[in-house]
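User: Please go through the chain interfaces and the nonpolar cores of this model with me.

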Amino acid sequence: MFRRIRALIVKELLAILNDPKSRAILVVLPLVQLGVFPFAATFEVDSIRIAVWNPDGGVASRDLVARFAGAPVFHPVVAIDGRPAIEAALPAREADLVIVIDQRFSADVAAGRPAAIQLLVDGSNSNTALVTLSYAREIVRDHAAAIGPDPPARLATRALYNPNLESAWFILPGLLGILTTIASLAVTAFSVAREKETGTFQQLLVTPLRPAEILVGKMVPGLVIGLAQGAVIVAVMHGVYGVPLAGSLALLAGALAVFLTSVIGIGLAVSAIARTQQQALFGAFLFTVPMVILSGFATPVENMPGWIRTLTLGNPLRWFMEIARGVVLKDLPPAAVLNLTWPMALIAVVTLTVAALVFRRRAG
Amino acid sequence: MSRAAARRLSALVGKESRQILRDPSSIAIAFVLPAILLFIFGYGVSLDAEGVPVAVVVEQPSPQADSLAAAFAGSPSFDPVYPLHRTPAQRLLRLGEVRAVVVVPASFEADLARGDAAVQVLLDGTDANTARIVSGYADGVLSGWLADLARERGARTAPVIEAESRIWFNPAVRSRNFLIPGLVAIVMTLTGALLTSLLVAREYDRGTIETLMATPAGVGEILAGKVVPTFLLGMASMGLSVAMAVWLFDVPLRGSFLVLAGASALFLTAALGLGLVISAATKDQFVAGQLAILVTFLPAFLLSGFIFNIDAMPPAIQAVSHLVAARYFIAIAQTVFLVGTEWSVILPNAAALAVMGVAFLGLARALLVKRLG
Amino acid sequence: MSGAGLVLDGLTRRFGAAVALDGLSVRIADGGIVGLVGPDGAGKSTLMRLVAGLLRPDAGRVTLDGRDCATEAEALRTAIAYMPQSRGLWTDLSVIENLRLIADLRGVPAGERSARIERMLDSTGLAPFRDRLAGRLSGGMAQKAALACALIRPPRLVLLDEPSVGVDPISRRELWALVRELAGDGVPVLWSTAYLDEAERCDRVLLLDRGRLIGDGAPGDFTGALEDRCLRLTVARDRRLSAQARAARDPALVDAVLRGGHLDLVLAEDAPAPDAAALAPDDPQARIEPRAPRFEDAFVAALAAARRPAAPASSPAPSDDGPPRAGAPRPAARERDGGEALAVDRLVKRFGDFTAVDGVSFSVGRGEIFGLIGPNGAGKSTIFKMLCGLLPPSDGAARVAGIALRDSPAAARGRIGYMAQAFSLYGRLSVRRNLDFFAGAYGLPRAEARRRRDRALAEFGLAEVAGSRAGALPPGYRQRLSLAAALMHDPEILFLDEPTSGVDPPTRREFWLRIAAMADRGVTVMVTTHFLDEADYCDRLAVIYRGRLLALETPDALKAGAATAERPEPDVEDAFVALIEESDRRAAGGRSAA
C-alpha cells in the first residue's frame with residue numbers, strides 16, 4: 001500500500017514541478033506578492049494634504065500652522081482663503097484635512113479664553129479620516145502644552161514585540177498563511193479536475209489503488225508544496241525584511257502542517273465535484289476570498305460583529321493567522337499554540353471526511 | 001456594419017451567452033461571490049476599533065490612581081480588565097487577550113503632586129495600526145482626565161484649544177460606507193477579467209477555435225461576441241452590488257446613478273480588455289486563470305485604494321498603481337457614492353479608464369490573428 | 001499557375017526545423033472524393049489548414065479557382081467547408097444551436113436557414129437529437145453533426161480532416177453516403193483518413209509521406225499494380241510468429257502481416273515467390289496461395305519504395321531470435337492451456353430506465369485474443385468498464401482471472417492491464433516517470449520496478465525517448481508507451497479499448513504483432529475496435545448490439561456465415577453490417593407483428 005501511495009505522490013509532484021508554466025506560477029506568484037504586499041498592505045497614513053484658512057494672523061495661530069507644517073505626515077500645507085474655497089477643497093479631493101482657525105484665536109489664547117479651531121476631514125475613507133484626526137489632535141494638544149505649563153502627568157508609551165510599529169512585521173506572518181493557502185488549494189483543486197479533463201483519471205481507477213489511497217496521494221503534494229513555500233516565506237521574512245523569529249520554528253511548522261491539511265480537504269472536495277478546470281479554479285476561489293477576508297489578516301476579527309465572529313471559528317486561516325503572528329513575534333508558549341491548533345485539526349477532520357465522501361460518490 | 005456582419009455578431013453573442021449561462025461556475029463568480037463579499041464587507045469587516053480590551057494595573061490604590069483607572073472604564077474606546085500585578089497583565093498581552101497594558105505606578109499619587117507622573121502604556125505592537133489607534137485613545141483618556149482634574153482644582157492649565165472636528169461625507173465614520181463603493185470594482189473585476197480570461201483560452205483548449213477561424217467571422221466580431229455578454233453580466237453584477245449597497249447596507253448614493261453606471265461601463269471595458277489580452281496571449285485556461293488573479297484581482301484589492309491608502313505606499317509601488325484600472329474607478333465610485341457628482345474628480349479618472357479600455361481592446365485585437373501556428 | 005479547381009503549386013510549410021510539406025504540387029479540378037492518405041507526420045492536416053487559410057505557406061501557393069487561399073482567405077471562407085480533426089463542435093451547445101450558429105456565421109441567407117438546417121438534420125438522422133448537447137452525442141453522431149455544420153452552406157470545396165476517427169463501421173458507411181449526398185455535384189471533397197479500406201472507396205487517392213506526394217491515382221490503379229505480388233501463407237497458429245519474423249528478414253518480401261490464421265505477404269517488384277517451407281520449415285502443412293491485393297498492400301509497398309533504402313521508421317526492430325518479446329518476462333510463460341481467463345454470466349447494467357448491457361454471457365480462454373465489436377453505444381465500453389472494476393454490474397456475475405469481481409474488485413484490478421481509448425498517460429511526465437508511476441501504482445518493489453521499467457524501455461523501442469515528455473511524443477510512440485505502461489505489472493489479462501483509434505497503419509500493424517506475441521505467451525487479450533479489418537487479428541469475435549450478444553464466432557466463421565451469391569467472399573465488415581441489419585429487421589418485424 002505504501003509503495004502505491006508513494007508512486008502516486010512522486011507522480012503528482014513531478015507533474016506539477018515538471019511543467020514550466022505551473023512551476024513559474026508556484027514560484028513567481030508568491031514572490032511578487034511577498035515583494036508587493038508588505039509595502040502595499042499598510043494602514044499607515046502619510047502625506048496628508050492640508051488646506052488652512054487662517055483669518056486670524058496672530059502669533060499663536062501662525063505657530064500652530066507652522067507646527068502642522070513641521071510634522072512629517074502632513075504634506076503639503078496650503079493656505080486658502082474664504083468659505084467657498086473651504087467648501088470646494090474636500091469634494092474635489094484637493095485636501096484631506098481642512099483647518100479653519102477662528103478669527104480671534106490668538107487673542108483668545110493670550111486672554112486665557114478657550115480658543116477655537118475647526119478640523120474638517122474627508123470621511124470617505126473612514127480609516128484615514130480617523131487616523132488623520134488623531135494626528136491633528138495630537139498636534140493641537142502638543143501646541144497647547146507648549147504654550148502653557150507642563151501637565152502633571154504624561155504617558156510613557158512603549159510598543160512590545162514590534163517596537164517601531166512596522167506594518168510589514170504584522171503583514172508578513174499573515175502572508176505565510178495566505179500564500180500557502182493559495183498554493184495548496186490550487187494544487188489540490190486542480191489535480192483531480194485535470195485528470196478528469198485529460199482522461200487519466202480512468203487509468204488511475206483501474207489500478208489497484210483504493211479511493212482512500214488516491215486521496216492520500218493527492219493530499220501529500222499540496223502539503224509538501226505548501227510547507228516548502230512556507231519555508232521560503234519564513235526565510236524571506238527573516239532574511240530580507242528583518243522580522244525577528246521570536247518563537248520556535250518547529251512549533252510553527254507543526255501548526256502549518258495541521259492548517260494546510262484542513263485547507264487541502266477543501267481543495268479535494270472542490271476537485272472531486274468540479275468537472276472542468278474552470279470549475280476547479282472558480283471553486284477554489286470561492287473559498288479562498290472569504291477565508292482571507294475573515295481571517296483577521298487586514299482587519300481584526302474582534303472588530304467584527306458577533307455572528308460573523310462565530311462564523312470565523314470555522315475558518316482555519318483565522319486560527320493559523322493568530323498562531324503565525326504569535327509564534328513569530330511574541331514567542332507564544334506551546335500550550336497556547338496547542339489551544340489554537342486543535343480547532344484546525346477538528347476542521348481538517350471535517351473537510352477531509354467531506355472530501356472522502358464526495359470523492360467516493362463521484363469516483364464510484 | 002453589413003447585415004451579414006450584424007447577423008454573425010448576434011449569433012456569436014447568443015453562443016457566448018448560452019455558454020456562460022450554462023456553466024454554474026460562471027454564475028457563482030458573477031453573482032454568488034459578489035453577494036458573499038458584500039455581506040462580509042457590509043456586516044463583517046470594520047476598521048473601527050471600539051471597546052479595545054486593555055489591562056489596567058493599579059500598583060498602589062489611591063484616590064487619584066483609582067480615578068484614572070476608572071476613566072479608562074468610562075471611555076467607550078476601551079474595555080478594561082484590572083489584574084493586580086504587572087506579570088499577569090503582560091501574560092494577557094502575550095496571549096493576545098488584551099491590546100495594551102496600562103500601568104499606574106505605585107508612586108503615581110506622589111509624582112502627580114510633584115507634577116511629574118508617568119503612566120506606563122505597553123502596546124501589543126504586532127498589529128501596528130491597532131497599536132497606533134490604541135495609543136491615541138489612551139492619550140485622549142489621560143488628557144480628559146487631566147482637564148477634569150484641573151477644573152476640579154481650579155488651577156491654571158494649558159490654554160484650552162477647542163478643536164471641533166467635522167467629518168464630511170461619512171459623519172458616522174462607518175467603514176462600510178468607504179469599503180462598499182470600492183467593492184463594486186472588485187465585483188466587476190471578477191466577471192470582467194477573471195471570467196473573460198478563460199473565454200478565448202477555452203476555444204483553444206477545446207479545439208473550437210479552428211471552426212471559428214474557418215468561418216467568415218472577423219477577429220473583431222469574435223471578440224465582440226465574447227465582450228458583449230460578459231459586459232452585460234458585469235453590469236448586472238454591478239447593479240446587484242449597488243442595489244445591495246444602497247438598500248441593504250444604507251450606503252448613501254449622493255451622486256447620479258447614471259454617472260456611476262457610465263464609469264462602471266468604462267471600467268468594465270478596461271477589465272474585459274485586459275482579460276481578453278491574457279486569454280489570447282496564454283491560450284491555456286490554467287495559466288490564464290492564475291495570471292488573471294495575479295494581474296487583475298490582486299491589484300484591484302491591494303493597489304487601488306480599496307482598503308489600503310495609496311499615498312502611504314513607497315513611490316515605486318505608487319507608480320505601479322497607476323497601471324491599475326481599479327484605482328481610477330474606485331476614486332470615481334467613492335466620490336459618486338459619498339460626495340456627489342463631482343466632475344473635477346470624475347473626468348480625469350474616467351479619461352484614464354477610457355484610454356486603458358481602448359488600449360487593452362486594441363492589444364487583444366492585435367494578439368488574436370485568424371491563423372494557427 | 002491558375003485555373004479552375006484547387007491548385008497546389010510547390011507548396012512548402014515548415015514548423016521550426018521540421019518540414020511538414022515539401023514542395024507539393026497537385027491539381028484537383030473535378031468533383032468527387034479525394035482521399036488524403038499517409039502515415040502520421042505525412043502533412044495531411046497541414047495541407048488542410050493551408051487550403052483553409054489557417055496557415056500560411058513558406059513557399060509556393062494554393063489557389064481555388066485562381067484565388068489565393070492565403071492572401072484571399074477571408075473572401076474564400078464561405079466557399080470552403082472545413083471540418084477540423086477535433087470536430088470543433090461546442091460541446092455545451094445543443095445540436096441545433098451549433099447548426100444555427102454556424103449557419104449565421106457562414107452567411108446562410110436568413111430565409112433559407114431553417115429549411116437548410118432541417119434538411120441537414122433529416123439527412124444525418126440527427127432530428128430526434130436536435131436538442132441534445134453536442135458533448136453528449138456518441139462519436140458517430142458527433143461526427144455527423146460536425147459534418148452537417150461544415151456543409152450547412154453549399155460550398156465550392158469540402159475539407160474533412162480524419163472525419164471517421166472513433167466512428168463505428170455502420171456510422172462510417174452513413175457518413176460516406178452523407179458526404180456524397182450533401183457535397184453536391186462537381187464539388188471536390190478532400191478527405192484525409194488513416195483507414196485504408198476507406199481509401200478504396202475514394203474516387204481518387206493522394207498518397208503522402210513526409211510532406212511529399214508519393215502516389216496519385218484511382219484506388220484501382222494502386223492495387224492493380226500489385227496484382228501478381230500478393231500472397232497468403234497459411235500456417236499453424238503457434239508457428240505464425242516465427243514465420244512472420246523470417247518473412248520480415250526476407251529481401252524478396254516488402255511486407256508480411258499477420259491476419260487471423262494467415263500471414264499476408266507482398267512481394268518486392270520482380271522478386272520470385274518464396275517457398276512455404278522456407279518460411280515455416282517446421283510446419284509441413286504450410287502453404288502459399290495468391291490472393292487479391294488490398295489497398296493496404298499498395299500503401300505499404302509505396303511507402304517502402306519511397307523510403308528505400310531506409311527501413312520503415314516505425315516498423316518493429318528486427319530481432320534475430322523469433323518474434324519481439326512483449327512485456328516483462330515471467331518465471332514460467334503461461335501456456336495457452338485452454339484454461340479460463342475470464343467468464344461473464346448474464347451480465348446486466350442498467351442506467352435508470354436504460355439497459356446498457358442486457359444479459360451478456362461468454363467466457364474467454366487463456367491466451368486468447370478476444371474482440372468485442374459493435375456500433376457506438378452498443379454497450380462494449382460498459383462491458384469493458386464492468387470487467388475492469390470501474391462500474392458495478394446491476395446483475396449477473398463476472399470472474400476475472402479467477403476472482404469474482406463482486407467480492408474484490410481491487411484484487412481483480414491488480415491482475416489486469418488496461419489501455420484506454422484516448423491517450424491517457426501523464427503528458428507532463430517523462431516516459432520513464434510514467435512507467436515508474438504505473439510500476440509503483442501496482443505496488444512493485446523498487447528494484448523489481450526499475451528492472452521492468454528498463455526492460456520495457458528496451459523492448460518497446462522507447463529507450464531513446466525515455467527522458468522526453470510523454471505528451472510531446474508522436475502518436476506511434478505514445479501508443480507503445482501506453483501498452484508498455486499497461487504491461488508493467490505483468491497482467492494476466494489485457495484490456496484494450498479501441499487501442500488503434502487515430503493511429504496510422506504502419507504503427508497499427510506493429511502493434512498487432514506485439515499483441516500476437518503476447519497472446520502466444522499466454523496473456524489473454526480483450527479488445528474493442530472499429531477497424532474491422534483488424535478483427536481478423538482476433539481468435540474470436542463477439543458482436544454486441546443494443547446491449548445483447550448477437551454472435552460469438554471466429555472471424556472466418558463470421559465471414560462464411562455472411563457469404564451470398566453476389567458477395568462470395570465478404571470481409572468482416574460486410575458480415576458485421578449484415579448481422580446488424582438482420583437484427584434491425586427482426587426488431588422491426590417484431591414490432592409490427594405486435
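Analyst: This is a predicted model, in which local features need pLDDT of at least 70 and side-chain atom pairs count only at pLDDT 80 or more, while totals for chains, interfaces and linings use all residues. Residues are numbered from 1 along each chain as written, chains are lettered from A and ligands numbered from 1 in the order written, and side-chain values use heavy atoms, with hydrogens and water left out.

User: What area is buried between chain A and chain B?

Analyst: Contact means heavy atoms within 4.5 Å. The contact takes 101 residues from chain A and 107 residues from chain B. Buried area is the accessible area (1.4 Å probe) that two parts lose on being put together, summed over both. Carbon and sulfur atoms give 66% of the area between chain A and chain B, which is about 9,400 Å².

User: Which side chain of chain A meets Asp139(B) in a salt bridge?

Analyst: A salt bridge is a side-chain nitrogen of Lys or Arg within 4 Å of a carboxyl oxygen of Asp or Glu. By that rule there are three across the interface of chain A and chain B. With N to O at 3.3 Å, the partner of Asp139(B) is Arg141(A).

User: Which helix gives the most to the side of chain A that touches chain B?

Analyst: Helices are DSSP runs (H or I, at least four residues), numbered from the N terminus. The one that gives the most to this side of chain A supplies 14 residues and spans residues 126–147: helix α6.

User: What area do chain C and chain B bury between them?

Analyst: Here 33 residues of chain C are in contact with 24 residues of chain B. Of the buried area, 57% is on carbon and sulfur atoms, and the total is about 2,500 Å². In chain C, the residues that lose the most area to chain B, together 26% of what that side buries, are Leu54(C), Trp90(C) and Leu105(C).

User: Which residue of chain B forms a salt bridge with Asp104(C)?

Analyst: The count between chain C and chain B is four salt bridges. In the one formed by Asp104(C), the closest N and O atoms are 2.5 Å apart, and the partner is Arg7(B).

User: Which residues touch the most other members of the largest nonpolar core?

Analyst: A nonpolar core is a set of buried (under 20% relative accessible area, 1.4 Å probe, protein chains only) Ala, Val, Leu, Ile, Met, Phe, Trp, Tyr and Cys residues joined through side-chain atoms within 4.5 Å. The largest has 166 residues, and those touching the most other members are Val98(A) and Phe329(B).

Notes. Buried < 20%, exposed > 50% of the residue type's maximum accessible area, 1.4 Å probe, protein only. Helix = DSSP H or I, 4+ residues; strand = E, 2+ residues; numbered from the N terminus.
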